[in-house]
Amino acid sequence: MSPTRLPSAGFSITIRVSVVADASAIGRLTTCVGEAGAIVTALDVVDSDPTSVTVDLTCDTADTGHADQVVKSLEELDGVEVRKVSDRTFLLHLGGKIEVTSKVALRNRDELSRAYTPGVARVCLAIAENPEDARRLTIKRNTVAVVTDGSAVLGLGNIGPAAALPVMEGKAALFKRFGGVDAWPVVLDTQDTDEIVNIVRAIAPGYGGINLEDIAAPRCFEIEARLRELLDIPVFHDDQHGTAICVLAALTNALRVVGKNLQDVRVVVSGAGAAGTAIMKLLLRQGVGDIIAYDRPGALHRGLPNLNSTWQWLAEHTNKSGYQGDLKGAIRGADVFIGVSAPNLLTGDDIATMADKSIVFALANPDPEVDPRAAREHAAIVATGRSDQPNQINNVLAFPGVFRGMLDAHARNFTEEMALAAAQAIADVVGEDKINPTVIVPSVFDSRVSPAVAAAVRRAAAASAGTSADFGGLESGEDTSFGAPEPA
């Protein structure tokens, strides 16, 4: 029986199977896996003899339970022996995903004397005399701290710093792969706002930027604001600003496809946490027609009691009509739905009530707010956060290039102008002559994206500083928890 969730490479397994050697053996294996709802991605013969053949069968499944079902289905086949099952995701993470490598050779005493003592003392004294030289003479010029307290990790919630470390490792790997930025996980065993601010302030001299990651709302807003006041390097909360940049880029092209203007559309956002709040603020900055913000208390509107400060701000700046109903009612007649909340909140029938040529961004991961297959029956454009679906809205389109640009510019802060410039750069990489309902954002592997974003950010930094955009320097995706905590 096929699973309700879609198979994904995130639940890929390799099954070593011994099967009686006959003409139909391999076909029976692949047919069995397909009938169990999995997708075969590779099949390799590893051994054989006159009576049997051993193969490694690799397939994508929907979750661990589904993987167990696939294995059981193979075990029930006549003449089949399952010898071993390997979870490919766990294998990839063995020993971690990143490492430190030296940029200089240490082959002899001469090189050691310049890289370390006594030569290094001269560089230390130069920096002591002119601290700005740290950006030129140390890793600071190209290094970012990826900081988390583990309180809002992906869609997993408050799982703590150790459990958050694999995500932060992955983030660091993405920084390097797509932006040439050296990033390092900093996982903090505290969720006290003052402690987090003090720790990050104390370690900041070794970094050229701070990327806050997976810190729950509304605490993340205060942490970011206070660090921006304290530090002379950019502080960027990717769950907020990276998501907002990518959503604005995707929406820019989606509106081009359907022939609508941002100033004329009504947008419904499900999830008023870190990501949702940043998305709405950036859309408001761009002059969106109207927004209805929806979270656990319902549609945020003026007069709704017991709101925290973030929700109160949204209530005062959105929902012009004062709508007070449920999510299904909110999207009736809406032009755009953006979900950064929880899975399976809507059905295809709900999407059918939206305006003509509607746009659906269902970004909860791994399971969207509405089944994308059902949404496509009614919406003109559908995007998700999944890599196995068209129009993947992924923060990796933004943060590597944003930090590349800020580091190159020796920027001291991240600005709204940088966000708008980055969003426009991502949208323009696709090109108006290339966009269509299934291509509104570039691929995360498009090599043009990060350089384009970096260049746009450098120009924005130059404009705000009133300087040339030629800074020299180096060559150059959730908050998926359902909004902020319960209102006080």
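Helices, in the sense used here, are DSSP runs of H or I with at least four residues, numbered from the N terminus. Just after the helix α1, G37 takes a positive phi of about 90°. The structure is a predicted model.

**Helix α1**

- Helix α1 covers residues 25-35, and its buried residues are A25, L29, C32 and V33.
- Viewed down the axis of α1, these buried residues fall within an arc of 95°, so they line one face of the helix.
- An α-helix has 3.6 residues a turn, so residues three or four places apart point the same way.
- The partners against which the buried residues of α1 pack are β1 (8-20), β2 (39-48), β3 (52-61), α2 (64-75) and β4 (80-87).

**S73 in helix α2**

- Residue S73 is found in helix α2.
- With a relative accessible area of 23%, S73 is partly exposed, because the buried class ends at under 20%.
- When neighbours within four places in sequence are left aside, S73 is in contact with C32 and A36.
- S73 and E99 are 26 residues apart along the chain, and 40 Å separates their C-alpha atoms.

**The second largest pocket**

- The volume of the second largest pocket is about 1100 Å³.
- This pocket is lined by 32 residues, of which T101, S102, K103, I139 and D182 are the closest to its centre.
- Two or more lining residues come from each of α4 (109-115), α5 (120-129), α7 (161-179) and β6 (182-187).
- Helix α5 gives the most to the lining, with four residues.
- By residue type, the lining of the second largest pocket divides into 18 nonpolar, seven polar and seven charged residues.

**The six-stranded sheet**

- Six strands form an open sheet with mixed pairing, in the order β11-β10-β9-β12-β13-β14.
- The edges are taken by β11 (298-299) and β14 (381-384); each has a single partner strand, so one side of each is left without a neighbour in the sheet.
- Strands of a sheet pair through backbone hydrogen bonds, either parallel or antiparallel.
- The pairing of β10 (residues 290-295) with β11 is antiparallel and runs over two bridges.
- Opposite Y294 stands A299 in β11.

**Cis peptide bonds**

- T117 and P118 are joined by a cis peptide bond, with omega about 10°.
- The loop between α4 and α5 holds P118.
- A cis peptide bond also joins A217 and P218, with omega about 0°.
- P218 lies in the loop between β7 (209-212) and α9 (219-230).

**Positive phi at residues other than glycine**

- K357 is not a glycine, yet its phi is positive, at about 55°.
- The loop between α14 (348-351) and β13 (359-362) is the place of K357.
- K357 has a relative accessible area of 45% and is partly exposed.
- N391 is likewise not a glycine, and its phi is positive at about 60°.
- The position of N391 is in the loop between β14 and α16 (399-408).
- N391 is buried, with a relative accessible area of 6%, because buried means under 20%.

Notes. Residues are numbered from 1 along each chain as its sequence is written. This is a predicted model: local features need pLDDT of at least 70, side-chain atom pairs count only at pLDDT 80 or more; totals for chains, interfaces and linings use all residues. Side-chain values use heavy atoms; hydrogens and water are left out. On a 1 Å grid over the protein atoms alone, a cavity is a set of points where a 1.4 Å probe fits but cannot get out, and a pocket is an open set with protein on both sides within 12 Å along at least five of seven lines; lining residues have an atom within 4 Å of a point. Grid points are joined across faces, edges and corners, and a volume is the space filled by probe spheres set on the points. Ala, Val, Leu, Ile, Met, Phe, Trp, Tyr, Cys and Pro count as nonpolar, Asp, Glu, Lys and Arg as charged, and the others, Gly among them, as polar. Buried means under 20% relative accessible area, exposed over 50%, partly exposed in between (1.4 Å probe, protein chains only). The arc is that of the directions from the helix axis to the C-beta atoms. Contact means heavy atoms within 4.5 Å. Two strands pair if DSSP finds at least two bridges between them.
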